[in-house]
Amino acid sequence: MRSRRNKVNILVLNCGSSSLKYKIISMPGEEELVCGEAERVGTKTQDPSLITHSVLGKKRVLEVKLEDHSLALNKILELLNQDALDNPAITFDVFAHRYVHPGNFFSKPVRVDNLVLRKLNETLVLAAIHNPIVYKLIEFCHRQYQSVEQFVVFDTAFHKTIPPEFSTYALDAKISKKYGLKKIGFHGISHQFVMEESCRFLNRNPKEQKIISCHLGTGGSSVCAINQGKSINNSMGFTPLEGLIMNTRCGDLDPGAIFYIMFKESFSPIETENILNKKSGILGIFNSSSDLREVVNSVDKDPKAKMAFDMYVRRAKAYVGFYALILKKADILIFTDSLGSGVPLLRQGICEGMDCLGVSLDQEKNRAYRNGICQLSSAESETQILVVPTNEELMIARQAYKELIK
Amino acid sequence: MILVIDTNLKEVKFWVFKKNQIETPPLFFVKDLEELKASKNLKQEILNLTGRGRISAISFRVLFGGDFFDQTIVIDQDFFTKFSKLTDLFPFYIPAMSNILKIFYREFEDVPQVAFFETAFFSRLPPAEKFYAIPHEFYQENRIKKWGFHGIFHEANSNIFPCAGKCISIVFDKQTTVCAVNDHQPFSISLGYTPLEGVMSRTSCGDLDPGIVFYLMNVHKFSIYKIDDMLKNESGFLGLTGYDLELKELVKFYGQDPKVNLAFEIYQGQIIKYIGEGISVLGGVDNIIFAGSQVDALLPIIHSLIKRISFLGINMKSLPWKDKKETFQITSPESKIKAYLNRMDLPAIIYYETVKFLHKNLSKI
Amino acid sequence: MKDLMKSKAKGLNVQLTNFSRKVEECNPDGSNTPELTKLIAEEMKSLDFDKVTGDAAGNLIGTIKGYENKDALVVIAHLDIPSANQSKTESCLKSGVVKFKAGVISSIYAAALIKRTMLPLTGDLIVCCVPRMESCGFGIKYLFENQLKSKLKKIKGVVLCEPTDFNINLGHKGKMEYEIIVKGRLNRNFLENRGMNMLGTMFPLISELEKFSKQLPSDSNLGYSNLRIKDVRYSGYQPQDEQNEFRVVVDRVFIPEENLSGILDKAKSIAKSVYRGEPDVTINTAIASEKVKTTTGLELVSEKEYKPWIMESHQPFALDSLKSLTDNGFKSAFGYWKKIITEGSYTCAELKLPTIGFGAGSEDMVDSGSEILSMDKLERASYGQALIIQRNIGVPTFGWSSDEI
């Protein structure tokens, strides 16, 4: 085994359905050595797949054919090997993966061994798109790099503290138990990260704070209620389909509507699930794009864009209002991820009329926001409104490191 | 006198309101649906029960009006044509209800008959609330949208305060619904396309991750019918506690039985969710009104709900809440946000609304 | 919805019992009579069927109209039990059992239940009472070639109300009767070791057929094909006579992988190989036929051939029907008839319409001629048939339970 020096380089792999983000982070200093992303992996788009690869801030873009995630990883490892020849500091000692949906099997980061692999294998059906991709990568690393330690960090682990009154669906208790149906919650890595960052920024102790965190991304979106450092509710549920309206996901929907669509159109479950996951949400309403930023650009001229924006904001407001009630007013309201930090109009819409819940946005600051962590609330606001850029890879590295030195 | 009729698929319930007897409770009787259908002389049978007096109007509670009926209307031939077009959306209700209405339309030809729709109020929901984030083709026309429910009650609740501004109206009946109203216009409603969305009931689940439906279908091979049956008939309080009891019975175990406690916690969580949604879309709240047939039975729950949100500026009077009036305040006069109980029952509301309706439309009838 | 169906079914049970009694009183021997047809037609009318018609072949058709004109469903039951095994036992109704016509009674009341609940149907529900298949396959054919011809494209499926023990049956073997006709003068040497009479000349053929019967193919669901010599006939006395003729009558049970012409060809080739040294012998094969007279007085010739049929168990019509039962407390599974022949030989094998069977009781009881059922089984069969109808052509109400309305 490799010697346990103080410094450990962790190669973080954050796998999306058609992307693979990666970083080498040197812990515990949290120094980012390499950062990159493989895009359009395994998609059949006109555009070729890309790898954007930055070493110590030096960026290059490669156009390569990437039929699946394993090939993408192979290519990335190849690039890292080359880098190591130029700069011996560019190495990694540990793999760390983000895993989306472990069901009820895991509630904290784990070191990968054969048993863990077997258990992960049983969770594949829970997120039929995400889990198998990540699982294959973990298996690949386990086989090819037997001497490198490997950790899996779960997107759901942060939410294990959601109390039963919010995690239980009002279903037959026997059925829920048999099939493990309960609110699991997602984006935990990000919610936890922005919670820690915002408290650090405000110089407050997370254990004493009531926080609403809005992770509004171009992939999925969710809102999380955090009390005393613990997640107590999340808008996503047993699957990432519940909650907010997302790019192509419908979010909350009457199950009766699902049955009606399936009956009327004679759709199979798979077809219907596909529609609600990939053709609904912003795309379903706006039609021309699934990106809220493009919706915002045409909000004044296109009624469909207006509708998409209004619906998106409305749903987000509903959850922020709900969580403000259960937290009895939040101390901090966080916006993060691409939409949360990139669309001022969205923050404005969500915060509008929320004064009675203690939320009041400074319009000027909101419009002026460019980047980094920043406070946007007005002087009289009881709730601190912050934009906090998320860094899931750093959070994964932190958790893996913590597990490593244990 | 005015006859108010509410019917389910087994029996027809009649309330007889006489003009000079407003203070006394209305005469009430029930007829079995099959008997009513088979009756050779229905009109006389009913007149025998109502006693002397001319029937000036018959009002019906109609559960569903789809896109065709966005307000209270007088039943005529055209009504039946439109109503039957809704069959597709509510198959086990529309044909049966149409059949009943036709019998009365035939038997009481000379009496104006008024239909009150539980969904009509929600035709005025803002579009962003009314529709789901699903592709266009599914929500155009008479298709998938929030129909809402308890519109008759919510509208009446909002009318109690002529210039009350922002209201949250909560109705406790077989279903529990939460509605945000501003200036008599609905802003949000918890119950969606069907009662599967919104707040749980005795046997239905309330808010649920749609992903669960797919998980059960894809992985465990459930049929949509089986899941539908499970969600509407085997979930809710029954599913959580295993006790097949009415809410008013079940609430007696609140604070004693852990399963019942959890069920009521989940129930309150769902109500709070919709109160929170209501407050945020209204941009605040001035009045919160609790109403419906179960309101008296659920006083402990209402008390607990208000307590949870009292930080907003609600000064609640302590229990027991007693008042001679049907509608009274349960917050102290200095309370920033006022809360009320509305103990009127639905037939009475329909009666008062009928009187108003006839007055307004008398010339047209 | 299920609560609604259950409560309305309960409300119909008294009428169902009364009707069962009337049916039995009307024709205690189980045969088909014009009075019976009239009685059933009247019952359909009193149960609010939208249309009731009869036809020249003795079929009786009751229709419940759909609110749309899309998928229709045909429910088939028979008017009579096999004449060969008529049950002459005394009335069993006293102890709450019904003797026969379970299919007719259950199907009519299943349709009545649908009508009573006012649950809308996407297309017509057509209940057909037909004269029994085994005595006359003509009725069902006549039905589909006339009254149902215009609706053929809309028919989503056919439900046969036959005994299946509450399972969904998906087919049975085919059955035919054919004759091998051997004609002409035989050589002396053919008879050398076989005696001198006509019977002797048949033995080699019979023994070859029996040998062949042991090599018949089988189907994993339906079981083995089967060959049985039913009869032998001959005319003339001396084998060497020009005018001689003998016939071997064969009862043949066969599976879908075999076909009619193949079976006849095989029979012919077996006979040919037996008599291959006989230049003066001609060999023919033919399907047996019989003359039939219908209750309406029609006389016709019917071939004794019923095709085998089998439905794939993953076919949506089969799957949905099964689920409609298992979702509602029936412990049903897919099954196949081993003994009886049904109208599926026509609807599924000829018309290619998705066909299933569902009913109370076991097929043994038909076979033994003692079609006796308890009343509650009959009610259950009726309820199950209504569930199948509702699932296949009903419009479901999602989300709302009837309790809430």
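This is a predicted model: local features need pLDDT of at least 70, side-chain atom pairs count only at pLDDT 80 or more; totals for chains, interfaces and linings use all residues.
1. Start with one residue. A:Ile212 sits in strand β9 of chain A, which covers residues 210-216. Is A:Ile212 buried or exposed? A:Ile212 is buried, because 29 other C-beta atoms lie within 10 Å and the cut-off for burial is 20 or more.

2. Now look at what surrounds this residue. A:Ile212 touches A:Val223, A:Ala225, A:Val320, A:Tyr323, A:Ala324, A:Leu327, A:Ala330 and A:Leu333, leaving aside residues up to four places away in sequence. Take A:Val320 from that list. A:Val320 is 108 residues from A:Ile212 along the chain, yet their C-alpha atoms are separated by 7.1 Å.

3. Next, the core. Which residues have the most contacts inside the largest nonpolar core? They are A:Ile10, A:Ile212, C:Val75 and C:Leu125, in a core of 348 residues. Helix α11 of chain A, residues 303-326, gives the most to this core, with 15 residues.

4. Chain C has its own entry here. C:Val75 touches C:Ser107, C:Ala111, C:Leu125, C:Ile126, C:Val127, C:Cys128, C:Val159, C:Cys161 and C:Gln385, again without residues up to four places away in sequence. Note C:Leu125 in that list. C:Leu125 was also named among the core residues with the most contacts.

5. Step back to chain A as a whole. Chain A has 15 helices and 14 strands. Its radius of gyration is 21 Å, close to the 22 Å from the globule rule for 406 residues, so chain A is as compact as a globular protein of that length. The C-alpha trace of chain A spans about 55 × 55 × 45 Å along its principal axes. Of its 406 residues, 53% count as buried. Among contacts in chain A with a separation of 6 or more, 62% involve residues 24 or more positions apart.

6. How many helices and strands does chain B have? Chain B has 13 helices and 12 strands. Its radius of gyration is 21 Å, close to the 21 Å that the globule rule gives for 365 residues, so chain B is as compact as a globular protein of that length. Its C-alpha trace spans about 55 × 55 × 40 Å along the principal axes. Of the 365 residues, 52% count as buried. For contacts in chain B between residues at least 6 apart in sequence, 61% join residues at least 24 apart.

7. Chains A and B touch. The contact takes 62 residues from chain A and 58 residues from chain B. On the chain B side, α5, α7, α8, α9 and α11 of chain B each give two or more residues. The largest share, 12 residues, comes from α11(B). By class, this side has 34 nonpolar, 15 polar and 9 charged residues.

8. Check the backbone too. Most residues other than glycine have a negative phi, and most peptide bonds are trans. A cis peptide bond joins A:Met27 and A:Pro28, with omega about 0°. A:Pro28 lies in the loop between β2 and β3 of chain A. Another cis peptide bond joins B:Leu319 and B:Pro320, with omega about -5°. B:Pro320 is in the loop between α12 and β11 of chain B.

9. Last, two positive phi values. A:Leu56 has phi near 50° and lies in the loop between β4 and β5 of chain A. A:Leu56 counts as partly exposed, with 13 C-beta neighbours inside 10 Å. B:His150 has phi near 60° and lies in the loop between α5 and α6 of chain B. B:His150 counts as buried, with 29 C-beta neighbours inside 10 Å.

Methods: Residues are numbered from 1 along each chain as its sequence is written. Chains are lettered from A and ligands numbered from 1 in the order in which they are written. Helices (H or I, at least four residues) and strands (E, at least two) are DSSP runs, numbered from the N terminus. The radius of gyration is taken over C-alpha atoms; the globule rule is 2.2 Å times the number of residues to the power 0.38. A residue is buried if 20 or more other C-beta atoms lie within 10 Å of its own, exposed if 12 or fewer, and partly exposed in between; C-beta atoms are placed from the backbone. Two residues are in contact if their C-beta atoms, placed from the backbone, lie within 7 Å. Ala, Val, Leu, Ile, Met, Phe, Trp, Tyr, Cys and Pro count as nonpolar, Asp, Glu, Lys and Arg as charged, and the others, Gly among them, as polar. A nonpolar core is a set of buried Ala, Val, Leu, Ile, Met, Phe, Trp, Tyr and Cys residues joined through C-beta atoms within 7 Å.
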